[in-house]
Amino acid sequence: MTSEKKRLPSFLAAVILIILPVIAAIVCLGIGRYSLSVKETVDILFSGFTGKTVDKTGYTVIFSVRLPRIILAAVVGAGLSCAGAAFQGLFSNPLATPDTLGVASGASFGAVLALLIGGGLISVQLSALAFGLLSCFITYSLSRRNGKNSIVMIVLAGMVISAVFEALVSLLKYIADPEEELPVITYWLMGSMSRATYNNLIMGVPFILVGTIVIYALRWRLNILSLNDDEASSLGMNVQIMRIVFIAAASMITASCVSMCGQVGWMGLLVPHIARMIGGNNNRSVIPISAGAGAFLMIVMDTFARSATSAEIPISILTAIIGAPVFIILLRKTGGSWT
């Protein structure tokens, strides 16, 4: 009975944070230069089922402009938060992020390379995804010694690969045309949901969903992987295989997110800590709470980014401005400890 009582708050928190993104999406769909009430938004969303006559301009604004952005923001927020929680649990490191293995840096290099040679949005997305996954493969290959990969070697190799790709991005920015190409590259790297289209979503979202589902389905195993290798193996787990599965899933999420909207910092670092404050350290609760909270926060921040000023604010600027103070508050509240 006692254990059930302990699980109840985490369960309720997870349910609430699944509902929150839906509520945020409905409200935020009506926010913008062409504002709509919640009732008007709901009527437009379900007009295909109800047959009710709705405002044509509002219908176009919601389904052609805002809905793809809301979907992208929700999926990216949930995916990055889930990947960050997985890496923090896997590496037993509260500072681990989705870019721990250099995936975001590799994906950024691929995108910048495609932009530099004049590729379209699809080419940029494919190139970013390919180089993001390539960076993960290189990191894992470099960290392998005597047929095994230690956590320390994986993290150190990831830092090296990330630094290399960041240097290559700087090199491409250096040789880019300062009047035409460089502004486009710089703005892309700052992150934005403005490139969201249904075609882009069809290409990128499945990778995020698959990676998130894998992490969610195996989330209880993160509790075992947080032990040392000998203890985890004694419980019947193949540590190397499980480690590869989580790294591949989280890296696939990160590469796909970066390929669609550029770099979005802080989500994968901050949200898992908020999830632990709500549901405790058990990854069975942390993963779903992280996904729900990440989706909610990203929807809200993207809505603020596109509607607060006449010119859209890059999303990475907002996440840093909001994320850094919140993280400092969490550090002072928890003392930097998970327990």
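In which helix does A128 lie? A128 lies in helix α6, residues 121-142, where helices are DSSP runs of H or I with at least four residues, numbered from the N terminus. Before I go on, a word on conventions: this is a predicted model, in which local features need pLDDT of at least 70 and side-chain atom pairs count only at pLDDT 80 or more, while totals for chains, interfaces and linings use all residues. Residues are numbered from 1 along each chain as its sequence is written, and side-chain values use heavy atoms, with hydrogens and water left out.

Coming back to A128, its relative accessibility is 0%, so A128 counts as buried, the term being used for under 20% relative accessible area with a 1.4 Å probe and protein chains only. If we set aside neighbours within four places in sequence, A128 is in contact with A107, G110, A111 and S259, contact meaning heavy atoms within 4.5 Å.

Let me turn to a helix pair. Two packed helices are described by the angle between their axes and the distance between the axes. Helix α4, residues 56-91, packs against helix α12, residues 239-261, at an angle of about 150 degrees, and their axes are 9 Å apart; here the axes are lines fitted to C-alpha atoms over the stretch in contact, and angles run from 0 to 180 degrees between N-to-C directions. On the α4 side the contact includes L72, V76, G79 and F87, and these and others meet residues of α12, among them R243, F246, I247 and C261. The residues of this contact divide into 13 nonpolar, three polar and one charged, with Ala, Val, Leu, Ile, Met, Phe, Trp, Tyr, Cys and Pro taken as nonpolar, Asp, Glu, Lys and Arg as charged, and the others, Gly among them, as polar.

What about the aromatic rings? The structure holds four aromatic pairs, a pair being Phe, Tyr or Trp rings (for Trp, the six-membered ring) with centres within 6.5 Å, counted as stacked under 30 degrees between planes, edge-to-face over 60 and tilted for the rest. F87 and F91 form a stacked pair, 5.4 Å centre to centre with 5 degrees between the planes; both lie in helix α4, four residues apart, about one turn of the helix, and both are buried. By contrast, the rings of F109 and F165 have centres 5.7 Å apart and planes at 50 degrees, so that pair is tilted. This second pair links distant parts of the chain, with F109 in helix α5 and F165 in helix α7, 56 residues apart. Ring pairs also link F109, F131 and F165 into a cluster.

Definitions and conventions: Helix = DSSP H or I, 4+ residues; strand = E, 2+ residues; numbered from the N terminus. Buried < 20%, exposed > 50% of the residue type's maximum accessible area, 1.4 Å probe, protein only.
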